[in-house]
Structures are given as C-alpha cells and as structure tokens.
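Dear colleague,

Please find below the structure that I am handing over to you. My notes on what was found in it follow directly after.

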Amino acid sequence: MSDATSPNESAGSPGSPDFEAMARDIAEVPAVEVIVTVAVNLMSAAAVKLGLTDDTEDHKDLDEARKLVHALAGLLDASTTEISSFHAAPLRDGLKSLQLAFREASIVPDEPGQGPGEKYTGPVYG
C-alpha cells in the first residue's frame, strides 16, 4: 500500500474530496475556459434531452431541454462581452441549432420569441 493520497482525497479523511486542492486547481483555469466548458456541458445535456444523440430517444424530455437551453442562452447573453467572438460565435450557433431543434421537436411550437432562451436571443426562425 502507498502512503500518498490522491489529489482528490484529503490526508485526514480517506475517500473524501480535498476541496483545498480542488480550489487551487480551479484557480489556475482562466474564466473564459470555465464559461466555455459550462456552455458546452449545457449544450451537450440539452442535445441529449432533445433526443439528438445516438440512442437517446429514451432520455428525451422537452421540459428539461427547455430549462437547459434557457440557461445556456442566459449564460451566453451575460458573458458575451467577457469572452471573445472566437469563443462566442460557435456557442451562439450551437444555441440557435438547439433552439431550432426544440421548435421542431415540440408538438405545439411556442410563438416566435417565446421559445427557450428567446428572451435573450430574440425570436428564432427556421
């Protein structure tokens, strides 16, 4: 057995996360990377909830997808001035694709401007 603890375990309590080490690790990550990572995670989760990925029809849930797309739109709206257009442009394109996919998946589509995230992006037309 080794006496060393992993970076995710504290020396005092084996198996519990070392929050101090985690805080040091996150402190080294630029804010732009954190924002983009969160946005990509929201996009991925929304795609799954929209049934857009392989074998995810069982996980399709438009109510959950609406929440994720709305949160993504809010994040992008709030952070657009903080991240470069190099990062923002593809994220906005992905958001629009998700909004259109949501509109197509809905049995009763929302009125233009009332779909998920359209409060931040304006109406999305296909």
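Helices (H or I, at least four residues) and strands (E, at least two) are taken here as DSSP runs, numbered from the N terminus. Arg66, to which I return below, is found in helix H3.

The model is predicted, so local features need pLDDT of at least 70 and side-chain atom pairs count only at pLDDT 80 or more, whereas totals for chains, interfaces and linings use all residues. Residues are numbered from 1 along each chain as its sequence is written, and side-chain values use heavy atoms, with hydrogens and water left out.

Overall picture

The protein has 5 helices and 0 strands. Its mean pLDDT (the predictor's confidence in each residue, from 0 to 100) is 87, and 88% of the residues reach 70 or more. Among the helices, confidence is lowest in H1 (residues 19–27), with a mean of 84, and highest in H3, with 97. Over residues 1–6 the pLDDT is below 50, and this stretch has 2 contacts in the model beyond near neighbours in sequence; contact means heavy atoms within 4.5 Å.

Of the 126 residues in the protein, 29% are buried. Buried means under 20% relative accessible area, exposed over 50%, and partly exposed in between (1.4 Å probe, protein chains only).

Core and surface

A nonpolar core is a set of buried Ala, Val, Leu, Ile, Met, Phe, Trp, Tyr and Cys residues joined through side-chain atoms within 4.5 Å. The largest one has 21 residues, and Leu50, Leu72, Leu76, Leu91, Leu95 and Leu98 have the most contacts inside it. Helices H2 (31–49), H3 (62–79) and H4 (85–105) each supply at least two residues of this core, and H2 gives the most to it, with 7 residues. Leaving aside neighbours within four places in sequence, Leu76 is in contact with Ala39, Leu91, Arg92 and Leu95.

On the surface, Ile26, Val29, Val34 and Val38 form a nonpolar patch with about 280 Å² of accessible area together. Such patches are made of residues with over 30% relative accessible area and no salt bridge; like charges are joined within 9 Å, and nonpolar side chains (Val, Leu, Ile, Met, Phe, Trp, Tyr) within 5 Å. Accessible areas come from the Shrake-Rupley method with a 1.4 Å probe; for residues, only the protein chains shown count as cover. Val34 is found in helix H2 and counts as partly exposed, at 33% relative accessibility.

Salt bridges

The structure holds 5 salt bridges, each being a side-chain nitrogen of Lys or Arg within 4 Å of a carboxyl oxygen of Asp or Glu.

Asp110 forms a salt bridge with Arg66, the closest N and O atoms being 2.7 Å apart. This pair links distant parts of the chain, 44 residues apart: Asp110 is in the loop between H4 and helix H5 (118–121), and Arg66 is in helix H3. Arg66 is partly exposed, with a relative accessible area of 29%. Apart from neighbours within four places in sequence, Arg66 is in contact with Phe102, Asp110, Gln114, Gly115 and Pro116.

Glu118 forms a salt bridge with Arg103, with the closest N and O atoms 2.9 Å apart. Glu118 lies in helix H5 and Arg103 in helix H4, so the pair ties together parts that are 15 residues apart in sequence. Glu118 counts as buried, at 4% relative accessibility. Salt bridges that share partners also join Asp63, Glu64 and Lys67 into one network.

With kind regards
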